[in-house]
Amino acid sequence: MIKIFIKKEVNIYFRNLNYIFLPMIFFFLIISVFPLVLGPDKALLSKIIPGIIWITVILTTLLSSNNFFKDDYDNGIIETYLTCDISIELLLFIRILMCWLFTCFPIIFFIPLVSILFSMSFESTLTVFLTLIIGTPILISLGLFGSALTLGVAKNNILTPIIIVPFYIPVLIFSASAIESANSGLPYEMQIYILAALLALILPIMPYLLKYTLHISINS
Amino acid sequence: MDNIEVKVVLASSFIDSQFIFKDLSMHLKNRDILFVTGKNGCGKTTFIKSLCGIHRIESGSILFNKISIYKQNCDLKNNIVYIGHKNSLHNDLTVSENLKYLSEFDSSIYKKNLSQEICKLLDFFNLQKYKNYMVSKISEGNKKKVSLSRLFLTKKKIWLLDEPLSFLDDDTKNLLEELILRNRDFGGITIASTHTNFLHKIKDAIFLDMNT
Amino acid sequence: MNISKIANLRFFFINSRLLGFYLSFITLILFLFGIAWGLFIAPKDYLQGESYRIMYVHVPAAWLSLQVYIFMTIAAIISLIWKVKIMEIASIECAPIGAFFTLIALITGMIWGKPTWGTYWVWDARLTSELILLFIYIGILILYSSFEDKRQGSKVASILAIVGLINIPIIHYSVEWWNTLHQGPTVMKFDRPSVHSSMLIPLIYMFFVFNLYFITVLIKRIRLGICHREKNSKWFEDYIND
């Protein structure tokens with residue numbers, strides 16, 4: 001069963017390469033706009049790069065999770081989810097992971113390139129890498145939650161981001177500060193542990209929460 | 001043959017305090033076929049959705065084997081197939097991939113020789129040549145056929161079909177009739193909403209007119 | 001009188017009319033008295049002078065902004081689990097009141113900040129988490145208002161409110177932690193001397209009055225919500241025609 005679910009997700013992402021490439025291109029586009037606006041001052045850029053990376057990542061994850069359930073809702077697949085007799089939580093969990101794997105992981109993969117662009121040290125590149133690996137699944141699952149909440153609204157392009165961004169703040173604070181600590185040679189383990197704790201809190205709950213929200217959302 | 005019964009007692013539902021349906025009661029047992037008829041917007045879809053638990057009724061009760069369908073211990077979900085008027089197909093998967101994926105949602109389908117079963121099903125519905133077509137490329141009628149073809153595989157007893165006849169040609173309507181009659185022979189219950197076209201072979205169907 | 005009777009919309013609507021009227025009258029009187037007490041009778045603060053008196057509005061508003069949120073979530077949980085209709089309305093009608101208290105707390109905080117910190121806004125932990133609370137309130141309100149079916153909207157907004165309640169402590173502590181990390185030299189820290197009872201009693205009194213105000217407005221808003229939702233139902237028309 002798990003194999004078929006994974007295979008279906010992989011098929012869909014590979015047949016729509018846009019789902020994979022658009023977030024990545026968007027990420028690089030936005031991140032290269034910052035030096036143009038702020039000036040090419042190396043000291044300034046390396047000081048604010050954690051903020052830049054994380055703001056761009058937020059925009060990107062919002063882009064890819066905004067209307068995540070919309071197609072399935074229009075096709076009636078959500079109704080099938082909710083009237084079937086198998087564990088839909090497992091399916092939703094797989095879908096969260098796949099969404100992360102195909103939209104966030106390519107970005108994380110190219111982080112070394114960003115570190116060259118902004119001449120970051122090895123230590124801070126490593127921290128960016130770590131915080132992104134732990135933080136982005138949280139962002140994606142919260143984004144999917146927002147997308148499930150706004151399912152019943154006809155025009156919801158900007159609605160999900162407005163609702164969800166306040167919930168991103170803890171992840172943002174700890175990630176950005178971990179990178180900053182690493183930049184200035186301070187220990188940053190604590191922030192990473194807190195991020196991991198948030199992830200461990202959210203990831204198991206999220207499928208159940210998504211199922212409940214979809215149930216409420218569809219009852220219209 | 002397991003005994004199954006679906007009982008609706010004085011069910012009402014409303015949106016913005018306008019009734020969609022009011023004080024509806026019915027009682028279905030094994031081998032019953034129910035056609036829900038009525039004009040557009042009279043609440044056929046909502047009624048069928050409330051039978052499968054997607055829509056929650058405001059008052060009254062829906063009982064499956066004497067247990068309310070909103071209770072945890074109700075095994076309604078193990079017994080129903082709901083096919084809405086949306087097709088429930090992924091546009092980016094082929095017809096056979098879609099059928100394989102959809103049958104994962106139905107634990108009554110025996111998965112061992114699924115591929116052969118799907119072949120048989122495609123033969124039955126004359127869809128063999130579309131087997132490897134993307135769903136986005138085939139016509140609305142064929143999409144409807146693919147989505148209804150789940151009924152061929154399932155061993156569940158209660159079929160809830162919302163507007164199964166739209167977009168279908170006469171041949172396919174006959175095939176659907178055959179399937180519904182087969183379900184009755186196995187002791188199942190079929191509930192379908194239609195607005196005008198009735199199926200002619202089924203003589204002893206019960207009609208529920210939602211207009212009144 | 002059992003719970004189901006109080007939870008009955010019709011019963012509430014008919015009986016709350018006079019209650020709302022009296023409550024708003026009492027609240028107004030008590031509020032005027034409390035303002036006079038805070039502004040003129042309570043002693044002057046030896047450190048901050050007269051400017052501290054805005055605390056009599058700021059502190060209760062800030063307390064209420066959280067208290068209303070908790071109340072909203074409790075109502076939301078009751079409405080989702082037991083399908084109590086009046087709690088559905090109460091929960092969503094709390095949101096604008098809470099947002100209002102949050103806004104009051106922010107604005108008075110800024111006004112107080114000017115003479116005390118020399119600037120209207122500092123990214124202080126409390127102000128920042130209050131601002132985020134305002135955004136969460138706004139998110140709930142926007143989500144609710146974008147649904148055409150208001151019952152559906154209030155259910156979905158309830159889920160958001162409940163998830164928000166889990167999130168608020170996390171946000172609060174992360175912001176506090178962030179603030180200690182970035183503590184700038186310009187921010188003055190006051191030692192907290194134990195507040196003298198001549199200042200504390202009017203403060204608690206104002207907290208009580210704000211609570212009364214919350215209850216009054218909530219009752220009126222629930223009545224309004226019932227008007228919106230039940231405008232087509234039979235009992236409502238019968239009641240209006242009487």
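**Strand pairing and its surroundings**

Strand 6 of chain B and strand 7 of chain B (residues 158-162) run parallel to each other and are joined over 4 bridges, where strands (E, at least two residues) and helices (H or I, at least four) are DSSP runs numbered from the N terminus, and two strands pair if DSSP finds at least two bridges between them. The model is predicted, so local features need a pLDDT of at least 70 and side-chain atom pairs count only at pLDDT 80 or more, while totals for chains, interfaces and linings use all residues. Residues are numbered from 1 along each chain as its sequence is written, and chains are lettered from A and ligands numbered from 1 in the order in which they are written.

Within this pair, B:Y82 has B:L160 of strand 7 as its bridge partner. In a regular strand the side chains alternate between the two faces of the sheet. In strand 6 of chain B, B:I80 and B:Y82 point one way and B:V81 and B:I83 the other, and all are buried, a residue being buried if 20 or more other C-beta atoms, placed from the backbone, lie within 10 Å of its own, exposed if 12 or fewer, and partly exposed in between.

Strand 6 (80-83) also takes part in the contact with chain A: together with helix 2 (95-103), it is one of the elements that give two or more residues to the side of chain B that touches chain A. Helix 2 of chain B provides the largest share of that side, 3 residues. The contact as a whole takes 24 residues from chain B and 19 residues from chain A, with two residues in contact if their C-beta atoms, placed from the backbone, lie within 7 Å. On the side of chain B, the residues divide into 8 nonpolar, 8 polar and 8 charged; here Ala, Val, Leu, Ile, Met, Phe, Trp, Tyr, Cys and Pro count as nonpolar, Asp, Glu, Lys and Arg as charged, and the others, Gly among them, as polar.

The partner residue B:L160 leads on to the core. Along with A:Y168, C:I140 and C:L160, B:L160 touches the most other members of the largest nonpolar core, which has 168 residues; such a core is a set of buried Ala, Val, Leu, Ile, Met, Phe, Trp, Tyr and Cys residues joined through C-beta atoms within 7 Å. Helix 10 of chain A (residues 159-183) gives the largest share of this core, 13 residues. Apart from neighbours within four places in sequence, A:Y168 is in contact with A:I58, A:L139 and A:L142.

Chain B also holds an open sheet of 4 strands, ordered 2-1-4-5 with antiparallel pairing. Strand 2 (18-29) and strand 5 (67-68) of chain B each have a single partner strand and stand at the edges, so one side of each is left without a neighbour in the sheet. Strand 2 is joined to strand 1 of chain B (residues 5-15) by 8 bridges in the antiparallel sense, and B:K7 stands opposite B:H27 of strand 2.

B:I20 lies in strand 2 of chain B and counts as buried because it has 21 C-beta neighbours inside 10 Å. Leaving aside neighbours within four places in sequence, B:I20 is in contact with B:S13, B:F14, B:I15, B:G43 and B:T46. The C-alpha atoms of B:I20 and B:M210 are separated by 9.5 Å, although these residues are 190 residues apart along the chain.
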